[in-house]
Amino acid sequence: MPVNASDLPDVATLLAAAVDGIGGAERPGQVKMAEAVGRAIDTGEHLAVQAGTGTGKSLAYLVPAARHAAAHGGAVVVSTATIALQRQLIDRDLPRLATALEPLLGRAPTFAILKGRRNYLCVNRLRNGAADDPQEELFDPRSVTEIGRQVQRLQEWAARTDSGDRDELVPGVDERAWRQVSVTARECIGAQRCPFAAQCFAELAREAAGQADIVVTNHALLAIDALEDGNVLPEHDVVIVDEAHDLVDRVTSVATAELSAPAVQTAARRAGRQVTEDAAGRLKDAGQGLEQVLAEAYGGRIDVLTEPLAATLAAVRDTAGSCAADIRTSARRTEDEPEQLTARRAALAALDEVSKAAERILAAFGTDVAIRPDVVWLDQPADRDSRRPPTLRVAPLEVGGLLAARLFGRRTVALTSATLSVGGSFGPLARQWGLPGSTAPGDAAPGDPPASDAMPGHPAAGDARPSDPGAGDSGVGDPGIGDADDGEKPSEEADRVPAEPHPLTWIGMDVGSPFDHPRSGILYVARHLPPPGRDGLPAPYLDELCELITAAGGRTLGLFSSMRAARQAAAELRERIGYPLLCQGEDPTSQLITRFAEDEASCLFGTLSLWQGVDVPGRSLQLVVIDRIPFPRPDDPLASARQRAVAARGGNGFMTVAAAQAALLLAQGTGRLLRTMSDRGVVAVLDPRLVTKQYGSFLRTSLPPYWATTDPEVVRGALRRLADAPA
C-alpha cells in the first residue's frame, strides 16, 4: 500500500542506507544525481544526467525510484540497452537495495524483468510445432543438422527452465533454432485461446512485472510500448533510461521495416494452408518478381523509385493483403482448434508484415527527397552467393517527434549514461530525443527552436556553422569551426531549459567522475602518422600498433572501425608480437572478453560491440588503441540522409551528424580504459586528424580529460613502466 511521501525518509537518507548496506562509499556525484532524479520525479521535469564510470549511477536512480513506488504505489520502468546491465540490476543491485531499504520504507521494494514476447520460449509453439518449417528436418532423431540439434536441446531446456528467457540459455542457440520455439506478439494466439496459457513464460513475466515496484526492460520494448497503442509494459508514470546514448538507435531499429524475397515466400507458404492455391500462387509469383528485381539492383540508399521496383512492391502489397483478407473472412465463419488458430495467426503475421513493409516503402517517395520522413535502402550482400538475401529496409529519418509525443509527453523521464555530452553540450542528444536543445553546458537556451523545427540530434539550421568546401578524408566536407579550449568539460551546474515557450522542459547536468583522469590515463594521438586511407590499415599504422603493444606487454584492447581492419591487424601482428591475440568473430564475444580478462598478457581486437561492451578492470587492460575516428561511412543510408536533410535546412550536415556520432563512439571507446579507481593506462588514437583537423577539438571535448600528448616516446615509456610495475 502507498504511504504519504512526507512520512518517508528523503532520498539522501535512503541512499546513505543503501550504500552502507552494500558496503560501499558515498560519492558526491552519486548523491547529486540521486537528488536530481528525485526532484525530476517530484516535479515532472525531464532530466539528463551524465555520470562517469565509477559514479554508482544505478543506485543513484534506483533509490529515488523505490521511494516513488513506495509513496505512490505505481511502477517505475528502468530501460537499458544491454543484457549485461539488465542482469547486473536484477541479480545484484536490486536484491541488495531491497534488503537495505526495507527497514526505512516499511517493506522491501519488489522488482521484475520484462522483455518482448520473442525473448521467451512459447510452450504452444513447442508442442504444436513450427508454423512453416518441415518437422521432419528439425525433429527427426536421424537429423544431423546443427539447427536440428539445437532445437532438440531447446526441448530439453524447456522441461527444466523456470523463466523460458532466452538469455538464460548458456550457451545460446542460432536464431533459426530459436524461431522454432518462440512467437512474436502478432503470432501469439492469446492467453484466452491458448491451451498452455497457465504455463506461458511471457504471460508469467508480464504478471510478475505487473506486481513489481521497479520493472527492468530494454530500449526495444520501451520503444514498442511508446510507439504502439497497446500497453506492453505495466502502468507506470516514471521511466529511467540507462545507457541513454543508445536510445535513438534502438528506437530507430524498432521503427525500421524490412522486405525480402524469402520473407514473401514464407508468407506465401504459410498462407497456402489457409487460402486457395490460386491466391497463394499469386503471392509466390510476386515474391519471385521481387527476387529478380533486387538481384539486379545496386545496394545503398534509394532516392528514386524505379517502375519495375514500384510494380513489384505493389504486387507484393496487394497479393499479401488479399490473402490476409481472405483468411480473416474465413476465420469469422469458423471456430478453430488451438493448432489451427496457431497456424492462422502465423500466416496473418507474415502476410501483414510483408504487405505493410511494401506499402511503407512505396509511400516513402512522395515528397522532397531532403525532407522525406522515411529513408529507404537496399542491403545488398557484397558476395552475391551469400546466404543472406538482398533486403529492402525503410527507417524513419528521425524519431524525436515520436519520442516527444509518446514518451516524454506522457511520463517523467530521467536519462543517464557516462556519455551524453557531445562537443560540450547536451543539445545534440536532446534534439535526437525530441526535446528542445541547448547550446552549451550551463547555459539556458530560451531562443532555441522546438525540437520539431530542428533535425534530430543536430542544432537548428540557424545554429549551424558553415562547412569547409574542401573534402576531408571521411568522404564528406570537413567542418569549418574554430578550435575550442582543449580539455573543456561540461559544467556541473544545471543546464535548464525554461518552461516557456517549450512544453517539454528538461534539465541536463554532468555530475562528473570519481576518476582523476589526468593522473590515471594518457590520451596519445599519433600525429606523425599519415591520415587513414580507404584500402585497409597502412603499414605505418601496423608498425605503430606493434610498438605500442610491445611496450605494454600485451594488455591491449584494439578498437577498429571495421571488421576488415581488425582482421587485417590480427593476421599481421600475430607474426610480429609475442602475446596471445584474440579477434572478434573467432569465438562468441563474451568468451573472448573472458579470456582477455583472465590472460593478463593477451590482446583483443574487434569492432563496434567492443567499443561499448567491454568492462575489464585491472592490469589486463592498460592500452586501448583506436585505429581511426569512427565517422559513419559516407554511403551509410541513414547517416547520409540525415546529413542531407541538415544541409537542406542550411546547416552543417557533417558536424551535426557524422561528427556527433563519432564523438559519442569515441567517448564510449576511450571510456573502456578506466573501470576502477586503481586503473592506469593509455588511450592511443592512430588517426592524426584528431589533432590536425578543425573538428578535432570538438571531438576531444567529448572525451574524458586524460593527460594528452603526441610524443610516441613518452607514451611507450609510460607503458613500459606500467608493465614493469608490481601487481
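A contact here means heavy atoms within 4.5 Å. With that in hand, select Lys284, which touches Gln265 and Ala268 when residues up to four places away in sequence are not counted. The model on screen is a predicted one.

**Stop 1: Lys284**

Keep Lys284 selected and show the cartoon around it. Lys284 belongs to helix 13, which covers residues 277-295. Is Lys284 buried, exposed or partly exposed? Its relative accessible area is 43%, so Lys284 counts as partly exposed.

**Stop 2: the whole chain**

The chain has 27 helices and 21 strands. Of its 727 residues, 55% are buried. Take the contacts in the chain with a separation of 6 or more: 76% of them are between residues 24 or more positions apart.

**Stop 3: the largest cavity**

Rolling a probe the size of a water molecule over the atoms shows where empty space is left. How many cavities of 30 Å³ or more does the structure hold? There are three. The largest cavity has a volume of about 170 Å³. To centre the view on this cavity, select Arg117, Cys122, Cys188, Cys194 and Cys200, the closest to its centre among the 19 residues of the lining.

Next, colour helix 5 (123-128) and helix 9 (201-211), each of which supplies at least two residues of this lining. Helix 9 gives the largest share, three residues. Colouring the lining of the largest cavity by class gives 13 nonpolar, three polar and three charged residues.

**Stop 4: the second largest cavity**

Move to the second largest cavity, which holds about 90 Å³ of space. Strand 8 gives the most, with three residues. By class, the lining of the second largest cavity has ten nonpolar and five charged residues, and no polar ones.

**Stop 5**

Arg649 counts as partly exposed because its relative accessibility is 36%. Arg649 and Ile371 are 278 residues apart in sequence, yet their C-alpha atoms are 9.2 Å apart in space.

Continue into helix 24 and select Thr656. Thr656 has a relative accessible area of 7%, and a residue is buried when this value is under 20%, so Thr656 is buried. Show the side chain of Thr656 together with the backbone of Asn652: a polar atom of that side chain lies 2.7 Å from the backbone oxygen of Asn652.

**Stop 6: backbone geometry**

The last selections concern backbone torsions. Most residues other than glycine have a negative phi, and most peptide bonds are trans.

Select Val170 and Pro171 and show the peptide bond between them. The bond that joins Val170 and Pro171 is cis, with omega at about -5 degrees. Pro171 sits in the loop between helix 7 (146-158) and helix 8 (175-179).

Go on to Glu243, in the loop between strand 5 (236-241) and helix 11 (247-254). Glu243 is not a glycine, but its phi is positive, about 50 degrees. Is Glu243 buried or exposed? Glu243 counts as buried because its relative accessibility is 16%.

Finish at Arg555, in the loop between helix 19 (539-552) and strand 16 (556-559). Arg555, also not a glycine, has a positive phi of about 55 degrees. With a relative accessible area of 8%, Arg555 is buried.

Notes: Residues are numbered from 1 along each chain as its sequence is written. This is a predicted model: local features need pLDDT of at least 70, side-chain atom pairs count only at pLDDT 80 or more; totals for chains, interfaces and linings use all residues. Side-chain values use heavy atoms; hydrogens and water are left out. Buried means under 20% relative accessible area, exposed over 50%, partly exposed in between (1.4 Å probe, protein chains only). Helices (H or I, at least four residues) and strands (E, at least two) are DSSP runs, numbered from the N terminus. A polar contact is a pair of N or O atoms within 3.5 Å; within protein, one must be able to donate a hydrogen and the other to accept it, and residues adjacent in sequence count only if both atoms are side-chain atoms. On a 1 Å grid over the protein atoms alone, a cavity is a set of points where a 1.4 Å probe fits but cannot get out, and a pocket is an open set with protein on both sides within 12 Å along at least five of seven lines; lining residues have an atom within 4 Å of a point. Grid points are joined across faces, edges and corners, and a volume is the space filled by probe spheres set on the points. Ala, Val, Leu, Ile, Met, Phe, Trp, Tyr, Cys and Pro count as nonpolar, Asp, Glu, Lys and Arg as charged, and the others, Gly among them, as polar.
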